[in-house]
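Please read this report with the structure open beside it.

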Amino acid sequence: MSKARYTVSVKRLVEFVLRTGDLGGGRGRSFTANRAVEGTRGHQKVQRSQGTDYEPEVPVKHLIEGADLTLEIKGRIDGVLRRDGGVLIEEIKTTYARSIEEPAALHLAQAKVYAAIFAAQNSLTEIGIQISYFHLESDDVTPFRQMFSTADLESFFARLRTEYFAWIEVLHRWRILRNGSIQDLDFPFSKYRQGQRELAVAVYRTLASGKTLFAQAPTGIGKTVSVLFPALKRLPEGGAEKIFYLTAKTIGRTVVEGSIRSLQTNGLRLRALTLTARDKICFAPQGGACDVQTCPFAIGYYDRRKAAVADLCAGERMTRQEVEGVARKHQVCPFALMLDSAEWVDLIICDFNYAFDPGAMLRDFFGDDGTSNYLLIDEAHNLPERAREMFSAELGSLQLASARDELGSDHSCSTALKKCVKSLQRIGEALEFENGLAASAEPPGQVALALRAFLEEAEAALASEDSPAESDALRTIYFEVLRFIRVLDHFDVSFQTIYRQEPGGVQIKLFCVDPAPSLLPVLQESAGTIFFSATLAPLDYYRTLLANKLAAESLELGSPFPRENLPVFIEDRIATHFKGRSGTYAAVADSIYSLTGARRGNYLIFFPSYKYLESVLAVFQSTAPEIEVIVQRSGMNESERDQFVTHFDAENDRTLVGFAVMGGIFGEGIDLVGDRLAGAVVVGVGLPQISIERDLIARYFSALGKNGFNYGYVFPGMNRVLQAVGRVIRTETDRGVALLIDERFSRWPYRQLLPKWWDLKLLASALPVRELAEAFWNTPPE
């Protein structure tokens, strides 16, 4: 029987064992860590300056053999110099710090491990170490050189690897226990629902082959457990180290946490960690800023980290509540604790951005040295727009000028910011705008030089211990510019540059038109990917936007619910086009009143915009003052959202009508089971508002031979419609009604995008909707 194999980089080994002190403090963690391009430039410049007796990028590895496991420690030495019978290994670090008195402890430790491995492999009795700091602003190199005996280096390395190996042994014993429980685990329900077994088998086969699957599975099949169960079954077979369950909605995380609890009740042993957003889990007083310089949970964090991680991993349910409890017990930052614990768990439940967003990605798992992961992407219909947001960036003259004003004219970064503002102003002066807008397929390269110069100044200021630039203002504009430069560095044919005139200059948006190329690197490294949702229609649209270069399989499943449980009425005698909406308020209000008057219950009414909602609401309330109404407002906080949903009580003694917007917080991701929701009305086909971004999407995909208008407007809009109606039927016993109001619902392509399992009823030549709805409610379920 082959041994289990574990791998750790030299850098990660050193950081885990030796790092001490405050969260975010100390040299060795600088802002330059976010500057991969600049770091690579510095490394290459130092390496090219060496002679022929210098060998760059030398790979090394060291194996530790246990009784039933092997730990591989690996890395790449920046350079090896063989001269005058001696050997010196070089570790290159880039910096903006103006002066360096001695090498950072972690940098020296990393070099010592490299030296220990290289010396042992080459039978050396001593070896030199040089830490070279390349100053990115001046191109100067500050070297620190020391000689070490191989015996001393081996002793140092032995201490580090022994401590880390002990953690790996604990992890290995845990995985043996976990794998045994998974192998003994039965499907949590006595029988499969319609389509459930088919979905589970397709997921298992896809992950076993390391491929990609797009699965459209209607509400009620039990998608979560049908995808999660086969992924768990694959873990003992060595297909991946971890499972990432990605979802954009809080309710999605809640559902998968519930599924895991159910499986654990049936004998599953699994460490499942839920990642919560920093601003939600931070212990700073509500509304207060997170300040690592003064926060007691950040000061000394690394001195208490390992004990906190071990404590958290001793439990198997690592939800927000458990993380907060352990963090308070050990006085550590809960967000940092989550990230540091991720290495030692089996399943991570998190938002899309932790896998894909360049600014938030968990690079220990998705970077060049990442682990092997299964990606289970729930509510995948949300990913195209989320990905466009992740890979786009904006920067404007007013934004830069405001930051300069806040910092003050005497600030060391003031001149650099002023040059950035002038650079954007020159761009604006050279453009020909139409209605204040312009677009180009070319990147705004002429602004990059000024922005990079500002980053250099800002990094130098932020790295200076006595600089007043540790202000929120500098940090904020620094990261905004950095994000812009990151996107600019990856600008290709899948991007467009949008220019918007603003007072005194221009705002530039680097817009990701096609997210597929930017998603590709993570998806290619995945051990297997499952995209799933109740609304992935049409599948070709989502395959194009999410995985265009990958060979992907598709699966479309029908609804497990009786078709007659959800009559969907189409009112196609009302046109809700934007220009003619003002003439439809009374007709729409009357249609809503007709449906909601057929039976006492709770109803949700979805509109394409707040303005349309408010206009119809005024008419409806004057027509039906006896009906209780609640309204979604723009910018509702979490408490207000929860309160809105709480109104939908199955025990309500009179009709309740909730007015909401399509594609918003109530258009998906809420479960109103049974009598909590009797029906839904959808007004319009949900098309996004006309904008330059949507027009650019349409043009781009038209050039690729697709129907551009569908890609830019129709498909995203109709997904909102499908999601809204999906609120009505959540379980096998649910019954409800839906009403679609718009003349386009009876035309191509809108009609073809409605699910085949919907019981569609066109009202144009039928009885009024109230009579049809009453007939439905008066007919007992079969």
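The sections below take the basis of the model, then its cavities, then its salt bridges.

## Basis of the model

This is a predicted model, in which local features need pLDDT of at least 70 and side-chain atom pairs count only at pLDDT 80 or more, while totals for chains, interfaces and linings use all residues. Residues are numbered from 1 along each chain as its sequence is written, and side-chain values use heavy atoms, with hydrogens and water left out.

## Cavities

A cavity is a set of points, on a 1 Å grid over the protein atoms alone, where a 1.4 Å probe fits but cannot get out, and its lining residues have an atom within 4 Å of a point. Volume here is the space filled by probe spheres set on the points, which are joined across faces, edges and corners. The count comes to 2 cavities of 30 Å³ or more.

The largest cavity, with a volume of about 60 Å³, has a lining that includes Leu23, Phe283, Val292 and Phe297. By class this lining has 10 nonpolar, no polar and no charged residues, where Ala, Val, Leu, Ile, Met, Phe, Trp, Tyr, Cys and Pro count as nonpolar, Asp, Glu, Lys and Arg as charged, and the others, Gly among them, as polar. The second largest cavity holds about 30 Å³ of space and is lined by Arg278, Ile281, Cys282, Cys290, Cys333, Pro334 and Phe335. Two or more residues of that lining come from each of helix H8 (278-281) and helix H11 (334-341), helices being DSSP runs of H or I with at least four residues and strands runs of E with at least two, numbered from the N terminus.

## Salt bridges

The whole structure contains 33 salt bridges, each a side-chain nitrogen of Lys or Arg within 4 Å of a carboxyl oxygen of Asp or Glu. In one of them arginine 12 meets glutamate 343 at 2.3 Å, N to O; arginine 12 lies in helix H1 (residues 10-18) and glutamate 343 in the loop between H11 and strand S11 (347-350), 331 residues apart. Arginine 12 counts as buried at 15% relative accessibility, and glutamate 343 is buried at 17%, buried meaning under 20% relative accessible area, exposed over 50% and partly exposed in between (1.4 Å probe, protein chains only).

Arginine 320 and glutamate 324 also form a salt bridge, at 3.1 Å, N to O, and they are separated by about one helical turn because they sit 4 residues apart in helix H10 (residues 320-330). Elsewhere, salt bridges that share partners join Arg12, Glu15, Arg19, Arg305, Asp340 and Glu343 into one network.

Notes: On a 1 Å grid over the protein atoms alone, a cavity is a set of points where a 1.4 Å probe fits but cannot get out, and a pocket is an open set with protein on both sides within 12 Å along at least five of seven lines; lining residues have an atom within 4 Å of a point.
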